[in-house]
Amino acid sequence: MQEELIRRAKELLGDGTVVRVMGWRKGDLSFNPEPALFETEESLAEFVYDGFCGANLSKYMIKLSKLEGKTLVFLKPCDTYSFNQLVKEHRVDREKAYIIGVGCDGSLDVDAMKEKGAKGIQEITEDGDTVTVRAIYGDKTFDREDVILERCRACKGGAHMVYDELASNADEEKPARDGRFSLVEKIEVMDPKERFAFWQNELSRCIRCNACRNVCPACSCIKCVFDNDRYDTAQKANADTFEEQMFHIIRAFHVAGRCTDCGECSRVCPEHIPLHLLNRKFIKDINTFYGDYQAGADTDSRAPLTNFTTEDVEPSIVQERG
Amino acid sequence: MQRIGVFVCHCGTNIAGTVDVKRVVEAVKKEPGVVYAEDYQYMCSEAGQQKIADAVKNEHLTGIVICSCSPRMHEGTFRKAAEKAGLNPYLVEIANIREQCSWIHKDMEEGTEKAVILARAAIAKVMLNAPLQPGESRVVKRALVIGGGIAGIQTALDIADAGYEVDIVEKTPSIGGRMSQLDKTFPTLDCSSCILTPKMGEVNAHEKINIYTYSEVEKVSGFVGDFSVDIRKKARYVDMDKCTGCGLCQEKCPSRKTPNEFNRGLNTRPAIYTPFAQAVPNVPVIDTEACIKFKTGKCGVCSKVCAAGAIDYTQKDEIITREYGAIVVATGFDTINLDKFDEYYYNQSKDVITALELERLMNAAGPTGGNVVRLSNGEHPKNIVFIQCVGSRDVTCRGKSYCSKICCMYTAKQAMLLKDHYPDVDVHVFYIDVRTPGKNFDEFYRRAVEEYDVDYIKGQVGKVSEAENGRLLVQGVDLIDNRQIKMEADLVVLATAIEPNKDVRKIATMLTASIDNNNFLTEAHPKLRPVESPTAGIFLSGVCQGPKDIPETVAQAGAAAIKVVGLLAKDKLVTNPCTAQSNPLFCNGCSACEKVCPYGAISYEEQQVMDGGVRENRRVAVVNSALCQGCGACTVACPSGAMDLKGFSNRQILAEVDAICR
Ligand SMILES: Cc1cc2nc3c(=O)[nH]c(=O)nc-3n(C[C@H](O)[C@H](O)[C@H](O)COP(=O)(O)OP(=O)(O)OC[C@H]3O[C@@H](n4cnc5c(N)ncnc54)[C@H](O)[C@@H]3O)c2cc1C
Ligand code: SF4
Ligand code: SF4
Ligand code: SF4
Ligand code: SF4
Ligand code: SF4
């Protein structure tokens, strides 16, 4: 697959369709490739595409679409929702992107492998449904299904919402998985005290590294309120634990109706806080109150939270439902 | 340096009874920035206002906080007082220690603590206030009346007689509303059509009034003085200019099976119809659901018989966009659906009818030519039972908690009229209470009891069913004699609760006018501003605001008209300077604010922005301050805080919250 993508990238660079390529490059370990920009055919030697290329590249297109010429960008099915959402919010220019939709069998989660006993990982190879780990303290073989990211267990399906061409591994027919809201439902049935304790426990681990915000394609503000000294909000989130938790609540409100459920926030959190569940709760509520809505499925529909129709649910019903 | 003055009002004992005003004064004196504080019995009085003026002068105040009643009450008063004293009126803040404090607390300790906190929040806010200058906006000298019942008709006439143009938008093919369906009207028993028809004619002929029937309001934008409204004029398929109103088409139309709405479905009507003979305009409409031509392509009888050549099957709906300075809602009412009231046997028996249906039966132009008969067999009823409060004053969720107000009177009316026409009938009325306040109303009811011998039974009916002989069996209780009653009846008439027309929710949403739990439109103030909606420029007329009989409706309609005239007589309106503004440095250009702005005040511009030494072209939001109403919706939608509202900035609100949480 990787070879096919490199070949196409070279062709598109060569014939002048694009002037740069946004993709992933080898990291220092075999399981941490990173987003990278390639501007020459030679530099593409570093290009990788494997199960660890979970990083969603759409947010990079905000900066890249301000540059001269088109950029080739590789988007997995779920990444295309984020891309569309950014187009909808006028943050990226569709015309400045050449999109190759790549297929995805679920992104791998190295932490899951570690939890399952892989220690001192040196190399990981994928072969269809099995993943083999070569490690200092004993090699391991896993079923792929057991070591994919939580977000991929709630996969929205194989279809790309936007693309210029599809790679050969794209499977547009691959169905969405069930049970997207099962974890949310577990939290919903807790009584308020229990729920508060759950989130307090999760959020208290936050070290305010801002990785979640920085990776989030919805959190793409030119100047985030939490960085803006003009509004007396900047220092607020750091003041104490209570306000620190407010950071997450406020962020969840800011991305409500815009979050595509790409799951990047939880993927990058070094403290393994399941942030995406806050957002998924909003998505679930929006679906029940206003009818099914998927942010980023298109670029022109009106999002329920910034729309107003006479059929809108009454506040009292929202309140009743809690 | 800020120099803030704080004035704490006693409001007689309204505030001082629950809040220790002296302690509030002492507490606020300690707040940073406060250089002066005092309390006074009535801050809104001349003497109170003088105190403000003196303090502004002597203490060189830069901002004022008044701890008093709601800003809705006296913000204007205090702003004017500040302005007179030479201070920008927008440097005044109100801490509402009455509605939000003294009125809802009983305990002095608690009340005082909360008053201090509210004062602190207002002080924190006023420290960040900036002087603002209001602008001006135009007043379009034309009013829109939605609904052409007696309320809408009267309001339109009164506005037009004052010299302003009025458009009436009526949903059905004719104006007239419920009143056109009534037979005679209490308390004087004059015939409803005889008093309504001349008014309908007058509206029709008035050079300042324009009627759009068979039309609905589709979209409203703008604000007080300057609304823009899209009206959908539904296709009638009959040319209004050519039609002479001869009625031949209605006579010849072969499709005659559609329930007649005007007669409450008691008979049928043709596919091409005018709802009633005196309809204004007297031009029929084609109901495409019933019309054979529209359903199968064949027929075309109406077109063949129409000598004027008025039939036009190709007509399309038309959207008319007009501007208005004021909008009056007069959408009236309907009777409630009785599906949940099976005990009264309404859906099961043709001989159980609503009072409105009885009006149609009694009316000489009605489905039976004014003969009151049992619809099951066409015979004259001998024993008639009226049941009051069907769904009114009903606290279960199937009914309405309020009193429909008109039923007691129309029942007395109907009972007497029946006795007049058919001296041999017996009439019984089951009631919870008989409520007849109103000029000559109780006398009217007494007449029914004393002169007409109508049998009033205090008690409720538990069940209506069919007796073996085909009559109806009514089972109830007599609460005064404390006994069960079983009686056979030929006709049962239900005083069915009334409710606002279903459409009113849609209308209220379009107008951003508020409605209550029962869908009645709410007033700006239940006592002092009963014909105005809290939304500026929107006025209320008739039953859409609450149950009313015709005299009350007409009185209120006139009151709404004078309020409209008062608005239209102004050349300019002073606009609110508290408008939104986006900071191009922080704006993402994401369109979130534009989507939520109810006034369409936000648009986008490519702007060159200098950010951290880098010049960049950005898409940024721009607010048209002439359109912005300062609602603040955009500031909440904006994730980055780029959008801010003058006078209610994000910083000010946060400062208030901080002061409260301190
Ligand atoms: C059985 C019965 C008997 C009564 N008898 C008497 C009596 O004897 N004496 C008395 O004083 N009162 C009587 N009344 C009360 C009287 O009918 C009302 O007071 C009066 O009709 C109220 O007038 P209105 O204009 O507010 O409402 P309506 O008469 O309901 O008129 C509202 C109008 O608005 C139109 N409309 C509704 N929605 C829209 C929309 N979205 N767009 C455009 N147009 C719309 C409707 O089609 C209608 O034409 C009786 C009522 C009933 C039910
Ligand atoms: S909040 Fe998380 S899941 Fe949602 S768009 Fe941002 S990163 Fe993706
Ligand atoms: S937290 Fe809010 S303001 Fe900050 S980047 Fe995310 S959406 Fe923008
Ligand atoms: S990534 Fe995790 S630790 Fe970092 S700020 Fe977000 S929640 Fe906190
Ligand atoms: S405050 Fe904002 S949303 Fe409200 S009218 Fe003004 S621009 Fe529109
Ligand atoms: S919501 Fe805020 S960031 Fe978005 S366009 Fe409006 S002002 Fe700009």
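In the predicted model, chain A is divided into domain 1, which covers residues 1–107 together with 154–177, domain 2, which covers residues 110–147, and domain 3, which covers residues 179–322. The centres of domain 1 of chain A and domain 2 of chain A, taken over C-alpha atoms, are separated by 26 Å. Where these two domains touch, nine residues of domain 1 of chain A and ten residues of domain 2 of chain A take part in the contact. The area buried between domain 1 of chain A and domain 2 of chain A is about 720 Å², and carbon and sulfur atoms give 50% of this area. On the side of domain 1 of chain A, Ser30(A), Phe31(A) and Phe52(A) lose the most area to domain 2 of chain A, and together these residues account for 57% of what that side buries.

The polar side of this domain contact was also examined. Between domain 1 of chain A and domain 2 of chain A there is one salt bridge, and a salt bridge is formed by Arg177(A) with Glu145(A), whose closest N and O atoms are 2.8 Å apart. The count of residue pairs in polar contact between domain 1 of chain A and domain 2 of chain A, with both residues at pLDDT 80 or more, is five. By class, the side of domain 1 of chain A that touches domain 2 of chain A has two nonpolar, four polar and three charged residues.

Between the chains, the contact takes 28 residues from chain B and 24 residues from chain A. About 2200 Å² is buried between chain B and chain A, with 57% of it on carbon and sulfur atoms. In chain B, the residues that lose the most area to chain A are Phe586(B), Lys595(B) and Pro639(B), which together make up 26% of what that side buries. The elements of chain B that give two or more residues to this side are helix 15 (504–511), helix 17 (592–596), strand 33 (614–623) and helix 19 (650–661). The side of chain B that touches chain A has nine nonpolar, nine polar and ten charged residues, while the count of salt bridges between chain B and chain A is zero. Five residue pairs in polar contact, both at pLDDT 80 or more, are found across this interface.

Two ligand surroundings complete the description. Ligand 5 is surrounded by 13 residues, of which Cys597(B), Cys628(B), Cys631(B), Gly632(B) and Cys634(B) are the closest, and its shell has ten nonpolar, three polar and no charged residues. Around ligand 6 there are 13 residues, with Cys587(B), Asn588(B), Cys590(B), Cys593(B) and Cys638(B) coming nearest, and this shell divides into eight nonpolar, five polar and no charged residues.

Methods:
Residues are numbered from 1 along each chain as its sequence is written. Chains are lettered from A and ligands numbered from 1 in the order in which they are written. This is a predicted model: local features need pLDDT of at least 70, side-chain atom pairs count only at pLDDT 80 or more; totals for chains, interfaces and linings use all residues. Side-chain values use heavy atoms; hydrogens and water are left out. A residue is near a molecule or strand if one of its heavy atoms lies within 4 Å of it. Ala, Val, Leu, Ile, Met, Phe, Trp, Tyr, Cys and Pro count as nonpolar, Asp, Glu, Lys and Arg as charged, and the others, Gly among them, as polar. Contact means heavy atoms within 4.5 Å. Buried area is the accessible area (1.4 Å probe) that two parts lose on being put together, summed over both. A salt bridge is a side-chain nitrogen of Lys or Arg within 4 Å of a carboxyl oxygen of Asp or Glu. A polar contact is a pair of N or O atoms within 3.5 Å; within protein, one must be able to donate a hydrogen and the other to accept it, and residues adjacent in sequence count only if both atoms are side-chain atoms. Helices (H or I, at least four residues) and strands (E, at least two) are DSSP runs, numbered from the N terminus. Domain bounds come from an automatic or database domain assignment.
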